[in-house]
Amino acid sequence: MKGRLLVHDGTFAALADSGDITGTRGASPDGLFRRDARHLSRWLLEADGAAPGVLSAGTSVPGEACVLTPQGTRDEPPAYTVFREQAVTCGRLTERVRVVSNRAEPVTARLTLRADADFADQFELRSDRRTYDKDGATREVELRGDGVEFTYRRAAWTSRTTVTAEPAPDTTDTTDGALLTWDLPLPAHGTGELLLQVTALPHGAPALPPAPRDPAHAAAQLAADKGEFTSGGVVAQGVPGELRKACEQGLADLASLRVPGTGPDGEAVRVPAAGVPWFLTLFGRDSLLTSLFSLDQRPALAAATLRALAAAQAGAHRPDRVAEPGKIVHEIRHGELAHFGQVPYGSYYGSVDGTPLFLVLLHAHAERTGDLTLAHRLESHARAAVDWLFSHGGLDAHGWLVYHADERGLANQNWKDSEGAICFPDGTQAEGAVAVAEAQGYAYDALRRTALLARTAWRDAAYADRLDRAAGDLKSRFHEAFWVEETGFPALALDGAGRRLTTLASDAGHLLWSGILGRAEGERTGRRLMEHDFFSGWGVRTLAADQAPYHPLSYHRGSIWPHDNAVIVLGLVRYGLLDEARTLADALTEAAAHHGYRLPEVMAGYDRALHRAPVPYPHSCSPQAWAAATPLALLTAYATRPA
């Protein structure tokens with residue numbers, strides 16, 4: 001996102017370089033956001049009746065000031081300078097406006113602040129031309145002694161935003177939002193200041209912690225919180241310096257992207273949200289893969305994710321949410337449109353891969369930590385997840401994990417979840433009960449790993465034997481059904497009629513990670529992914545460039561996703577292709593360096609020869625959790641032996 005971005009504990013503010021908010025929509029909306037709603041849509045500071053100029057733009061470091069001046073000339077420079085400090089904590093934007101006189105005589109600074117809250121749901125702000133009826137909705141503005149309060153009501157839904165100021169404004173007008181005005185007297189070369197606090201109070205939100213006194217106090221709190229997570233840095237040997245920088249940035253971003261959640265016993269946890277601006281909430285697949293990438297360095301993140309997802313595991317059939325007993329949630333939303341059922345994503349289960357990945361992470365956490373406590377605690381959840389794989393997931397009825405398009409939600413329910421992403425070589429979308437290749441690999445790995453838990457933690461040898469047999473059967477059938485000898489490459493998927501989608505796609509790299517391919521086929525697949533039509537020089541494309549549906553700016557049909565490449569690196573290492581793994585890891589590290597060591601969610605698929613830097617994808621989230629965790633996964637490429 002352009003401008004400044006401040007993120008903490010499920011709240012974020014997207015600001016201009018000046019610290020302003022203008023109420024933009026589309027790919028990069030600005031505002032103060034909490035629980036899927038914009039709680040501040042205008043925040044416009046003027047000095048002496050006009051927008052001040054920006055001498056020094058603000059950064060995304062909490063509490064760091066941007067420097068502004070009212071209008072002036074070389075011969076008549078501005079009478080004063082404005083230093084604007086801002087920080088975001090849970091549910092709050094805290095701001096200090098410090099005004100410094102530049103003159104040897106007293107002056108008065110007239111400052112005005114235009115504030116407004118449109119309470120727009122994030123689904124309304126996207127540039128997808130959708131509109132949503134809101135019959136009976138009202139917005140109110142109420143003056144307070146020290147500021148103003150905005151209230152939004154629709155039936156029983158009520159959300160509020162409060163703005164408080166110290167000192168209180170001299171005058172307030174509510175003709176257009178709220179206009180707060182101060183006349184600050186400044187002594188000769190002296191200072192004056194305003195302290196501002198914006199509090200977002202969404203419908204149904206839990207109580208907020210105490211407010212910080214000012215941005216400096218907030219910044220100290222945030223630094224302590226982030227430091228607790230990032231302390232110790234990255235523990236690894238033989239890591240290139242550029243990759244270590246990317247890992248450090250990734251850890252910092254993961255610290256900011258943690259959001260409050262609840263475990264199965266009601267305990268508070270903090271889990272990695274998917275990303276900003278659209279996905280600052282718990283996402284099953286995203287949070288699981290992020291936790292898997294981070295497991296070696298930050299195992300506590302995986303424990304929190306597992307507990308939160310166990311608490312949200314489906315216990316009943318809800319066709320409107322694609323929920324079935326034992327299934328792991330795909331997405332949880334708290335906004336107005338989800339509350340009134342205008343979007344299906346309140347608790348949405350349209351994911352074929354979240355459930356097996358939950359099982360993979362549960363065993364991987366036990367393996368990494370040597371602690372079986374969580375595996376014991378979540379045994380019933382794990383068994384319910386296994387039951388889902390066989391029953392509603394499709395292993396019993398179809399022989400594969402399958403999904404059907406959801407008319408109100410997602411047409412595709414694997415990680416490539418955009419419409420048309422799972423396609424035949426001519427671009428036609430697969431229909432019916434779709435079995436994507438990588439989900440079969442996840443299921444194989446989940447069964448194999450859960451069998452190990454059954455033997456070591458649950459002491460249920462018969463159950464372990466059953467899962468081992470199912471995993472072995474799945475692996476043998478997979479080769480026969482998915483391997484395409486003509487291309488020397490696995491099919492992308494099978495459609496409802498059992499037809500192979502022979503499209504050359506990056507999903508094959510996930511099969512290396514799960515280990516479902518035989519040794520020869522795995523090595524052949526890994527080397528094929530590093531050929532020129534797949535490998536751009538910055539990463540492996542989602543579709544090979546010689547495929548008819550390929551488009552370098554398509555979301556899933558030609559772009560480059562760092563997390564997808566991280567999985568491929570892990571798979572290359574698993575099959576002993578260390579040279580290929582390091583080539584790919586080096587390319588991604590260089591791409592990170594071009595982005596200030598923060599990998600974006602997705603990059604365009606253009607070849608490296610066309611441009612000196614990776615071409616941005618126009619709608620990419622950044623920071624984004626599994627992209628932030630990607631450098632941590634790349635460390636595996638520099639291990640001394642295959643994992």
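**Figure 1. Helix 7 against helix 10.** In this predicted model, helix 7 (residues 354-369) packs on helix 10 (residues 437-456) at an angle of about 40°, and their axes are 8 Å apart. That angle makes helix 7 oblique to helix 10; angles under 35 degrees count as roughly parallel, over 145 as roughly antiparallel, 65 to 115 as roughly perpendicular, and the rest as oblique. Axes here are lines fitted to C-alpha atoms, for helices over the stretch in contact, with angles running from 0 to 180 degrees between N-to-C directions. Helices (H or I, at least four residues) and strands (E, at least two) are DSSP runs, numbered from the N terminus. Helix 7 passes helix 10 in a left-handed crossing, a term for the near helix being turned anticlockwise from the far one by less than a right angle.

**Figure 2. Residues where helix 7 meets helix 10.** On the helix 7 side, look for Pro356, Leu357, Leu359, Val360, Leu362, His363, Ala364, Ala366 and Glu367; their partners in helix 10 are Tyr442, Ala443, Asp445, Ala446, Arg449, Thr450, Leu452 and Leu453. Contact means heavy atoms within 4.5 Å. By class, this contact has 12 nonpolar, 2 polar and 3 charged residues, where Ala, Val, Leu, Ile, Met, Phe, Trp, Tyr, Cys and Pro count as nonpolar, Asp, Glu, Lys and Arg as charged, and the others, Gly among them, as polar.

Figure 3. Helix 16 (residues 625-634) has 10 of its 10 residues buried, so it is largely enclosed by the rest of the structure. Buried means under 20% relative accessible area, exposed over 50%, and partly exposed in between (1.4 Å probe, protein chains only). Among the buried residues are Trp626, Thr630, Pro631 and Leu634. The buried residues of helix 16 pack against helix 3 (241-257), helix 4 (284-294), helix 14 (562-574) and helix 15 (578-594).

**Figure 4. Two cis peptide bonds.** Most residues other than glycine have a negative phi, and most peptide bonds are trans. The bond from Ser622 to Pro623 is cis, with omega near 0°, and Pro623 sits in the loop between helix 15 and helix 16. The bond from Glu166 to Pro167 is also cis, with omega near 0°; Pro167 belongs to the loop between strand 13 (157-166) and strand 14 (171-173).

**Figure 5. Two aspartates with positive phi.** Asp9 has a positive phi of about 55° although it is not a glycine. You will find Asp9 in the loop between strand 1 (4-8) and strand 2 (11-15), where it counts as buried at 16% relative accessibility. Asp36 has a phi near 70°, again positive in a residue other than glycine. Asp36 occupies the loop between strand 3 (31-34) and strand 4 (37-40) and counts as buried at 4% relative accessibility.

**Figure 6. Gly420 in its loop.** Gly420 lies between helix 9 (379-390) and strand 21 (435-436) and is buried, with a relative accessible area of 10%. Leaving aside neighbours within four places in sequence, Gly420 is in contact with Asn412, Gln429 and Arg557.

**Notes for all views.** Residues are numbered from 1 along each chain as its sequence is written, and side-chain values use heavy atoms, with hydrogens and water left out. Local features need pLDDT of at least 70, side-chain atom pairs count only at pLDDT 80 or more, and totals for chains, interfaces and linings use all residues.
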